[in-house]
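Please look over the following model and its sequence. The report below goes through selected local features, one heading at a time.

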Amino acid sequence: MAVHILIYPRLAAGVKGRVFRGLSRFLSSSNVQGRAEPPEELGDSVEQPIFSRSSIGTFFQERPVLNNPFLEDALLQKYLSRHLPTQALGNVGADLAKFGERIVREIDALGRQCDENPPRLQHYDAWGCRVDNILTCPAWARMKEISAEEGLVAAGYERIYGEWSRVYQMSKLYLYSPSAGLYTCPLAMTDGAAKVIESLGVTWPVEKAYRRLTSRDPQQFWTSGQWMTERKGGSDVASGTETLALSQADGTYKLHGFKWFTSATDSDMTLTLGRVVDVHGLTTKGSKGLSLFYAEIRDQQGRLNGIEVQRLKDKLGTRQVPTAELLLDGLPAHRISDEGRGVASIANMLTITRIHNTVAAVAVMRRIIQLAREYATKRFVFGKFLKEHPLHVQTMARMEVETRGAFLLLMKVCQLLGREETGLASNIDLHLLRLLTPVAKLYTGKQAVAIVSEGLECFGGQGYMEDTGLPRMLRDAQVLSIWEGTTNILSLDVLRCLAKSRGQTLEALFTDVKAKLTAASGNQALVPSVTVVDSALCRLGQFVQAAVRRPPSYMELAARDLAYSLARIYIGALLIDHAAWEGASHADIYAAQRWCEQDLCPVFTKDVSSWYNLETPDKDAALVYEGSPLVPQSA
Ligand code: UCC
């Protein structure tokens with residue numbers, strides 16, 4: 001040990017030449033393993049071989065340490081202090097602090113075990129019997145128990161904190177998500193299924209399922225799947241769903257179909273779509289032919305219920321989650337929606353799972369920043385700690401601004417959901433919930449990938465090393481912009497909800513943003529930011545007024561930029577609103593100011609640059625397909 005202390009200062013003192021000469025002689029020596037004494041041929045020029053096991057010790061670099069993620073999260077704490085009623089705040093704060101401790105002490109390691117032991121499919125048992133067992137690791141099973149114990153679904157339905165219950169539940173999931181080994185995936189669908197059942201009515205045949213989905217008892221707790229994706233497509237559910245529902249004499253159905261992606265296929269039950277076959281053997285095409293079905297996955301003996309697992313998917317990330325292709329070959333099911341109301345009924349599930357997706361996105365952004373900033377306090381380069389390098393801190397500050405904005409958007413959506421579920425939502429709230437759910441999902445899904453990618457860079461080469469656990473965060477983040485609707489599909493969903501509400505959803509957003517800006521306008525430090533958001537809102541209004549007179553194809557081309565504009569403007573208003581609060585810090589004000597420096601209304605900017613004109617699609621295609629034999633070149 002004393003030798004360590006002797007040698008390292010000498011390294012730092014510029015004796016590298018001598019060290020490397022010693023090293024090459026040392027490496028060429030035949031007996032280097034575990035040597036405690038200097039090899040003889042080194043003579044007395046070095047007190048001890050520099051790179052012997054005893055001198056380098058077992059660590060080479062400092063590692064980032066996960067501290068209690070709740071206690072480290074200033075914005076979450078401030079958000080709760082500002083909004084929660086006093087009594088709820090005490091209980092929620094104590095529970096989140098305790099849960100944060102459990103994450104550090106127990107859950108994070110289980111999550112790593114889930115990462116390292118992905119599920120396997122056993123098709124046959126030793127005696128040739130087809131069993132289709134999806135084998136998951138013990139840590140995955142433990143996550144299920146923990147999810148029940150901690151009420152990670154139940155809290156949303158017990159509603160002990162009234163309109164703030166969803167904020168409480170989602171805050172907990174937000175802490176859990178980056179450590180959960182993706183167990184948040186089945187929880188998202190479980191929550192979505194509970195929501196669908198609640199909205200359709202907790203009656204036979206789903207009352208037992210509802211009780212189990214929302215149970216805190218690990219023995220009772222069930223998870224649910226959400227099987228929407230078939231071979232013909234994941235986005236185009238209306239024409240892609242081929243599953244047939246054959247009615248049985250007892251009023252139940254048997255489902256026959258092929259589900260191309262089913263996530264968390266080890267769940268206990270599922271909600272899925274199918275087409276009822278009428279007495280003439282016919283089905284109705286499109287969305288109007290789809291109904292929603294409830295099915296239990298296994299029978300009383302634990303055997304799969306008319307399901308064959310074709311294979312597990314080989315995915316870029318989310319490898320912890322069993323995702324499978326399923327042949328439904330007579331799966332017994334109950335129709336729980338009216339005939340032809342399948343999509344509208346499962347839309348409630350989509351709302352919930354898209355909010356969970358947003359939770360996961362914001363959570364992974366926050367987690368990578370927590371790790372990166374912790375690492376920056378101990379990583380010593382170019383003569384000082386990383387945290388003392390302004391360019392490095394600037395990079396983290398940019399990540400922080402994005403993450404704060406995304407967090408406030410997430411919490412707003414959770415608050416709105418809580419208000420809707422407790423009957424407290426105004427019309428404006430309901431419109432905002434419908435509009436902001438896809439906006440938040442699409443925006444944060446993309447940002448998560450960018451922020452985590454930047455975050456990996458904060459660890460240099462270590463961020464690229466699998467066994468640090470960091471690359472997994474990037475791989476898992478990549479799905480967030482894909483599942484539950486891709487960025488473009490959600491942008492079109494935004495358009496659809498604007499059209500269906502005849503613009504009322506947009507009006508709600510304008511009203512809310514204006515109110516927030518007015519309330520903050522007395523704060524001198526925020527006046528320039530208020531002006532920026534206000535003027536972006538004006539430009540958005542101008543764009544929309546002009547666009548409604550144009551053909552639908554125009555709006556379709558503008559859909560993604562429109563969704564981004566809504567996200568950036570609304571987040572700007574939220575950051576300003578938070579910064580104007582009396583409990584806000586200088587950092588909160590600074591975050592709002594920085595946010596408002598970007599183009600908050602890209603749809604206007606791009607419109608001015610003719611991105612959506614009638615001739616643009618042809619130019620885009622010519623650009624993309626230049627040199628390709630697949631498409632005849634027109635220009
Ligand atoms: O990706 C998947 C993986 C599961 C893993 C879960 C993880 C969750 C996160 C975990 C975090 C760690 S599962 C599959 C994902 N697939 C999708 O998301 C589908 C994407 N496609 C769409 O969203 C489409 O827009 C469709 C399927 C909704 C469009 O279908 P239609 O038939 O064209 O829809 P319509 O005709 O526009 O709407 C039919 C009805 C209407 O109601 P009514 O009939 O009353 O007028 C719509 O208003 O459904 C209503 N509706 C909605 N309501 C449609 N979309 C919505 C919505 N988003 N919210 C409310």
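## A serine and its surroundings

In which helix does S565 lie? The answer is helix 19, which spans residues 552-579. The model is a predicted one. S565 has a relative accessible area of 0%. That is under 20%, so S565 counts as buried.

The side chain of S565 has two polar partners to look at. At 2.7 Å the side chain reaches the backbone oxygen of D561. A polar atom of the S565 side chain also lies 3.0 Å from the backbone nitrogen of V603. Beyond the neighbours within four places in sequence, S565 is in contact with L540, L600, C601, P602 and V603.

## Helix 14 against helix 16

Helix 14 covers residues 427-457, and helix 16 covers residues 487-500. Their axes come within 9 Å. They cross at roughly 160°. This angle is over 145°, so helix 14 is roughly antiparallel to helix 16. The crossing is left-handed.

Which residues of the two helices make the contact? Helix 14 supplies R434, L435, P438, V439, K441, L442 and K446. Helix 16 supplies T487, L490, S491, D493, V494, C497 and L498. By class, the contact has eight nonpolar, two polar and four charged residues.

## Helix 8 against helix 13

Helix 8 runs over residues 165-176. Helix 13 is formed by residues 390-421. The two pack with their axes 8 Å apart, at an angle of about 140°.

From helix 8, the contact takes in R166, V167, M170, S171 and Y174. From helix 13 come F407, M411, C414, Q415, L417, G418 and E421. Seven of the contact residues are nonpolar, three are polar and two are charged.

## Backbone features in loops

Most residues other than glycine have a negative phi, and most peptide bonds are trans. Which residues here have a positive phi without being glycine? L182 is one of them, at about 70°. R502 is another, at about 50°.

L182 is found in the loop between helix 8 and helix 9. Its relative accessibility is 13%, so L182 counts as buried. R502 lies in the loop between helix 16 and helix 17, the latter spanning 504-520. At 75% relative accessibility, R502 counts as exposed.

A cis peptide bond joins W204 to P205, with omega near 10°. P205 sits in the loop between helix 9 (184-200) and helix 10 (207-213).

## An exposed tryptophan

Is W127 buried or exposed? W127 counts as exposed, because its relative accessibility is 81%. The residue is found in the loop between strand 1 (120-124) and strand 2 (130-135).

How far apart are the C-alpha atoms of W127 and Y161? The separation is 53 Å, for two residues 34 residues apart along the chain.

Notes
Residues are numbered from 1 along each chain as its sequence is written. This is a predicted model: local features need pLDDT of at least 70, side-chain atom pairs count only at pLDDT 80 or more; totals for chains, interfaces and linings use all residues. Side-chain values use heavy atoms; hydrogens and water are left out. Axes are lines fitted to C-alpha atoms, for helices over the stretch in contact, and angles run from 0 to 180 degrees between N-to-C directions. Helices (H or I, at least four residues) and strands (E, at least two) are DSSP runs, numbered from the N terminus. Angles under 35 degrees count as roughly parallel, over 145 as roughly antiparallel, 65 to 115 as roughly perpendicular and the rest as oblique. A crossing is left-handed if the near helix is turned anticlockwise from the far one by less than a right angle, and right-handed if clockwise. Contact means heavy atoms within 4.5 Å. Ala, Val, Leu, Ile, Met, Phe, Trp, Tyr, Cys and Pro count as nonpolar, Asp, Glu, Lys and Arg as charged, and the others, Gly among them, as polar. Buried means under 20% relative accessible area, exposed over 50%, partly exposed in between (1.4 Å probe, protein chains only). A polar contact is a pair of N or O atoms within 3.5 Å; within protein, one must be able to donate a hydrogen and the other to accept it, and residues adjacent in sequence count only if both atoms are side-chain atoms.
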